[in-house]
Amino acid sequence: MKHLLRLMCVVLLCVTVGVSLPAVQAQDGSGEKPLWGWATVAEFEAATGQTLPPYNESPMLTELVNQGKLPPVEERLPLEPLVDNPFEAVGKYGGRLTLGQVSAGIGYPASNFTTFESLFSLARDGNTVVPNIAKGWEFNEDGTTFTIFLREGMRWSDGDPFDADDIMFYWEDIILNTDITPNVPSRFSPGGEPMKVEKVDQYTVRLTFAIPYYAILPNLSSVVFTGCQGDFFEASHYLKQFHIKYNPNVEQEAKEAGFETWVQYLGSKRYFWWRVTEGVPTVGPWMVVETVPEGTVMDRNPYYFKVDTAGNQLPYIDRVIATIFNDAGTLALKMVAGEYDYQDWSTSVADYPVFVEGQEQGNYTVFMAPSLWTSIAAYSVNQNYAGDPADAEILRDIRFRRALSYSLDRDEINQIIALGQGTPFQATAHPSSSYYKEEWGTAYIEFNPDLANQLLDEMGMDKRDGEGFRLRPDGKPFSLIISDVNDAIPEKMSELIKEYWDAIGVRTIVTPTDRTLMTEQFGSGEYMVSGWAMDGAAELAVAIGVNGYLQAWQWAPQWNTWYASRGAQGEEPPADVKRMLELYREVPFMAPDDQQAALTEIWDIWKEGLWRIGTIGMVPKPGIVRNGLGNVDTNTYTDNADVGIGTFNRHYQFYWK
Amino acid sequence: MGHFIIRRLGYIAILLVLVSIVSFIIIQLPPGDWLSAYVTRLRVQGATINEEIIQGLKRQYGLDQPPVRQYFTWVSNLVQGDFGYSFSYSRPVKDLIIERLPATLGISVLTILVTYLIAIPIGIYSATHQYSVGDYVFTFLGFIGLSVPSFLLALILMFLGYKYFDLSVGGLYSPQYIGEPWDWDKFVDMLWHLPIPVLIIGLSGTTGLIRVLRGTLLDEIHRPYVDTARAKGLRERVLLYRYPVRIAINPLISTVGWLLPAMFSGQVIVSIVLNLPTVGPLLYEALRAQDTYLAGSIVMILSLFTLIGTLISDILLAIVDPRIRIEE
């Protein structure tokens, strides 16, 4: 009854502000928008038959060139710059852009739009790897060597050349230095052996693997923020002064600067995509010039390596200001007040009517962006519950999990939580995956309380207490506790779920839990059920092996430990889980065809296991864009951390009309 | 007096050591450390991060050290005037605090001035015109001011400012001035943003002060010495300011000590609501993020200021009120 009331409120709200929700476009990249540009000028000219006009630059930079403070644009650009294809039109130079950042410590999401560039990138379809910093790549025949071709004459934002030395520094002095990196990460150790990295010449780097390793490409293409500065290359000319190999006095200097070791000192100077680091040169379209208490100030990078189809050096906009919003509530307020020129991230579909109402006063337009999450909230049922063994046995019973899933009225959830904009869905692979099977998304999602009750009766939970709640098979009372991390899933979601589960006689209690405490409990196993989005489900993120859920994270702490320690610790899982875990460990190192077959088998096992109970997926998120801002793709992904933030809406293309 | 001050300084040193231990333990109490809190925060906001990368970072943040060792490093640096560095900002704590000091002190000093300027005259008026219409009006307003939480007031004023004056209220100046050098326009813009925080932060203090002042003054006004002075023909105004008011001011002086830490931190909740770049929100965020050295250092400075402030008000009281000197 309570949720019916809530539903009415939502409907009324929509009616009163006169909103009709737009249908969300298909996210298959249909339409005529350019998916990407060209790796080099030569490729652009060959593909279009046009000649690229002479290079042009922002008037702001021309002034500096005339004053002799900057070399001319031809010298600042690489010999072969990347030619980007503007989304709508060739833009105009100038102006400033206000974006958001989470906190002073978290430069996200603005930092990803401004300073983030990876070796390779993704086209707007989110699946095709394209050149970016590197102008090309080459696998040998059996996939055991991978060659990266860099751009001759490319420069860092301070004018220093960007070349193979910047990758070699990262590899030899960061990754292979055991003071900084105790173990080489497994994604750089295919077959259990660290790959070999060699500098072929100043602009060519070759990686050699013990076994074929095709997933190295998505692993350097911004998928889950990989292949960027701090992840595969570094501003070596700048960082050397903080590295003991190049500066014997660094230990002393670190102490003077207030650090305990030179490793911490170096760590504080490195670029990381998720934070704001002053002083370090970047290769992104903008560079940090100042951090202020309100946020970050960024100016254009005069050495940025991309031009548009008219030969204009990108970006168009001179200055970016990122202001801190701290939490989702404040963010929504600031968006409504028109404080941001563009913001599409960490928003909630429930705020859509509010955003629409503020459109005129805030001088912005609202759009709905598609999502890659197959569940906005999926409830992980702990298979290694550390509490009462009889409770643990119930959680491990597949009939129990099916009953929980059948009891949910996902259409109603969709109306209440997502204004009807989502899709009732199981927590599984994203439907855009090339190997996707429809049954994965629809398994056990029908609303069937009778079947749910029948399953629970079969389990021996047919006896009930005075209030009508089911007793355990041994006759003792049973309570299902949802540990609810309120900023991980939509507000009220868990209360709604509780009502459905109460309705089939499963006494459900919602306990608010701090997110950090929850993460600890995901390790210790002291929880029964917890809700979290089904993220990381897009094809490439799954393929490079970073989907934690397929490693039993969140739903089976002991099995997850067993997996992570390769059997040394934790408990050995049952055969189906074991098969899934072992297959998934090999996935990144498989040839593409084998990989598809393996992932199909993995998601088949996943479907039957039902360890995470999905609710509604592909719930679009509202975004806002200031009127008059050009080249904005409103069909962009917002929760696209899975595929690398910033690879869809290219802020360096934005311009003021 | 000299002995008294030296003894008190000794207590302060001991208390500071205890505060450093307790605050360090409390900051470490929540589960996990800065890095895990950080990663979780990214995770709930939808960023998938490779677990391996995070583990590799522990050493670069010095979080692989046992807490006892972290404590001693921090304290030995503190003694040398080095507050360590902030994990969140990857910058020295000292810089972060100094950066926020002008705004913090500016708002605080203004607020205190406004508080005194409003509260003292009204308090005196209310006491000397007890049960008059003016007294009732001020009393009524005063109780409202005391009972409405200041953050709520901040929210209401922000809404009104936004709705009717088209004022972007949060912050010290409009977003378009962030990162721009100071010029006349930016200064004027800041002046427009100042009244709301100053009024809101000042208001709760003001109303409290009015009540205290009115109460003590009423006690004094009816004392025999006042009647005697009046009988001797002293002018009413001179009489009032020279004797009862001087005594009624005592509660003000004994709370001067609290002003010092309050000036340093600013009003935390109001500053968060109004998005003011002061030290208060810095502390709040540092505690939430388990940014150990930043939070610990601010707590230490606050404690130091509280202790010194109390000492100062004790000394001031002794100077201002001869009775206290004699009792000692």
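**Figure 1. Strand β15 of chain A and its two partners.** Two bridges tie β15(A) to strand β20 of chain A, residues 612-613, and the two strands run antiparallel. One contact point to look for is Ser380(A), whose bridge partner in β20(A) is Arg612(A). This view, like the others here, shows a predicted model. β15(A) also pairs with strand β19 of chain A, residues 529-534, again in the antiparallel sense, and this pairing has five bridges. How many of the residues of β15(A) are buried? The strand covers residues 375-381, and seven of its seven residues are buried, which makes it mostly covered.

**Figure 2. A mixed sheet of four strands in chain A.** Here the strands of an open sheet line up in the order β2-β12-β10-β9, and their pairing is mixed. Which strands sit at the edges? They are β2 (96-101) and β9 (286-292) of chain A, each pairing on one side only. From one strand to the next, the twist averages 25°. Now look at β10(A), residues 295-300, and β12(A), residues 319-324: five bridges join them in the antiparallel sense. Within this pair, Met298(A) has Val320(A) of β12(A) as its bridge partner. Here is a handy thing to know while you trace a strand: in a regular strand, side chains alternate between the two faces of the sheet.

Figure 3. Four bridges hold the antiparallel pairing of β5(A) with β6(A), which spans residues 145-149. You can find this pairing at Phe139(A), whose bridge partner in β6(A) is Phe146(A).

**Figure 4. Where chain B touches chain A.** In this view, 42 residues of chain B are in contact with 49 residues of chain A. On the chain B side, the elements that give two or more residues are α2 (34-44), α3 (51-57), α4 (67-79) and α5 (93-128). Which of these elements gives the most? That is α2(B), with six residues. Sorted by class, this side of chain B has 17 nonpolar, 18 polar and seven charged residues.

**Figure 5. Chain A as the setting for the close-ups.** Chain A has 23 helices and 24 strands. Its radius of gyration is 26 Å, close to the 26 Å that the globule rule gives for 657 residues, so chain A is as compact as a globular protein of that length. Along the principal axes, the C-alpha atoms of chain A fill a box of roughly 85 × 60 × 55 Å. Of the 657 residues in chain A, 54% count as buried. Among contacts in chain A between residues at least 6 apart in sequence, 72% join residues at least 24 apart.

Terms used:
Residues numbered from 1 in each chain as written. Chains lettered and ligands numbered in written order. Predicted model: local features only at pLDDT ≥ 70, side-chain atom pairs only at ≥ 80, totals over all residues. Buried ≥ 20, exposed ≤ 12 C-beta atoms within 10 Å, placed from the backbone. Pairing = 2+ DSSP bridges. Axes fitted to C-alpha atoms, helices over the stretch in contact; angles between N-to-C directions. Contact = placed C-beta atoms within 7 Å. Nonpolar A, V, L, I, M, F, W, Y, C, P; charged D, E, K, R; others polar. Rg over C-alpha atoms; globule rule 2.2 N^0.38 Å.
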